[in-house]
Amino acid sequence: MRINSTQLRWGVMLLLLAFHISLQAQENSSGTIRGRLLSSDNQPLTGCVVRIQSTLFQTVSDAEGYYTFGSLKPGRYVLLATKTGFNTVRQVAYVEENQINSTYFMLSPDVMEMEREVETGTFTNVSKFESSIGITTLSGKEMQALVPRSTGDLLNVIPGNFVDASAGEVGAQIFPRGLSTGQNNQLGFRYISLQEEGLPVMSSQLGFAVVDMFHRPDATIGRLEAIRGGTSSIITANAPGGVFNFISKTGGSSGRGLSS
């Protein structure tokens with residue numbers, strides 16, 4: 001049986017039409033996941049990252065705490081909701097054809113700050129829970145409660161360090177675990193990187209200018225992040241003993257007192 005050109009053209013057109021109908025059916029057979037993120041006191045959480053596990057899909061909650069994932073194939077999805085200062089929450093959602101799945105999250109405060117992302121000491125931001133290195137975080141209120149006389153007084157509460165702050169407000173000697181600054185008259189920031197916003201206060205220790213001369217633990221500091229061991233020795237020069245990074249407070253749209 002011979003097929004002429006007209007029959008061939010019609011056959012190709014029918015195949016293309018069937019392929020188009022199949023694609024359209026696949027597009028129509030999708031579902032949506034929508035929901036909202038709330039704090040434990042039922043307040044909307046904005047800026048939360050919601051991602052679908054084992055995929056590249058992620059979104060951020062809006063000003064009212066709402067998020068949406070559209071055009072999802074029917075099936076089972078694992079959603080993770082994260083926000084700095086809150087515990088990560090995991091939810092399972094099932095998507096059906098042309099249906100909207102409503103998945104809500106309630107995040108509780110992370111009291112131990114294990115979900116807080118660390119800004120120095122690693123090449124990519126990771127949470128304290130995920131990190132394999134020693135991390136200590138002091139909040140602004142914790143630092144105020146210590147009533148530190150100097151930067152050395154603050155570093156003395158970081159595990160793994162002994163600080164001799166007998167010289168006064170500046171000139172502290174820091175002895176990280178396993179390392180020595182040398183003789184008793186040697187200055188202390190020899191194997192430590194003291195930083196502000198991830199930048200070293202001084203690149204090296206000088207005999208006539210000590211590092212803590214240029215830093216004060218004042219009311220503008222929001223928190224202290226201490227990273228010891230592991231990547232702290234390679235992420236910045238001369239820091240096998242650790243990185244101590246002071247993060248400043250961020251401004252807001254309204255004024256408030258220092259006590260708050």
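Colleague: In which sense do strand β14 and strand β17 pair, and over how many bridges?

Modeller: Strands of a sheet pair through backbone hydrogen bonds, either parallel or antiparallel. Here β14 (residues 193–196) and β17 (residues 243–248) pair in the parallel sense over four bridges; the partner of Q195 in β17 is N245. Two strands count as paired if DSSP finds at least two bridges between them. Strands (E, at least two residues) and helices (H or I, at least four) are DSSP runs, numbered from the N terminus.

Colleague: On what basis are such features listed?

Modeller: This is a predicted model, in which local features need pLDDT of at least 70 and side-chain atom pairs count only at pLDDT 80 or more, while totals for chains, interfaces and linings use all residues. Residues are numbered from 1 along each chain as its sequence is written, and side-chain values use heavy atoms, with hydrogens and water left out.

Colleague: What is the strand order of the open sheet?

Modeller: The five strands run β11-β16-β17-β14-β15, with mixed pairing. Because β11 (134–139) and β15 (199–200) each have a single partner strand, one side of each edge strand is left without a neighbour in the sheet.

Colleague: How many aromatic pairs does the structure hold?

Modeller: Rings of Phe, Tyr and Trp (its six-membered ring) pair if their centres lie within 6.5 Å; planes under 30 degrees apart are stacked, over 60 edge-to-face and the rest tilted. The structure holds two such pairs. The ring centres of Y67 and F69 are 6.0 Å apart with planes at 70 degrees, so this pair is edge-to-face. Y67 and F105 form a tilted pair, 6.0 Å centre to centre with 55 degrees between the planes. That pair links distant parts of the chain, Y67 in β4 (residues 66–72) and F105 in β8 (residues 105–107), 38 residues apart.
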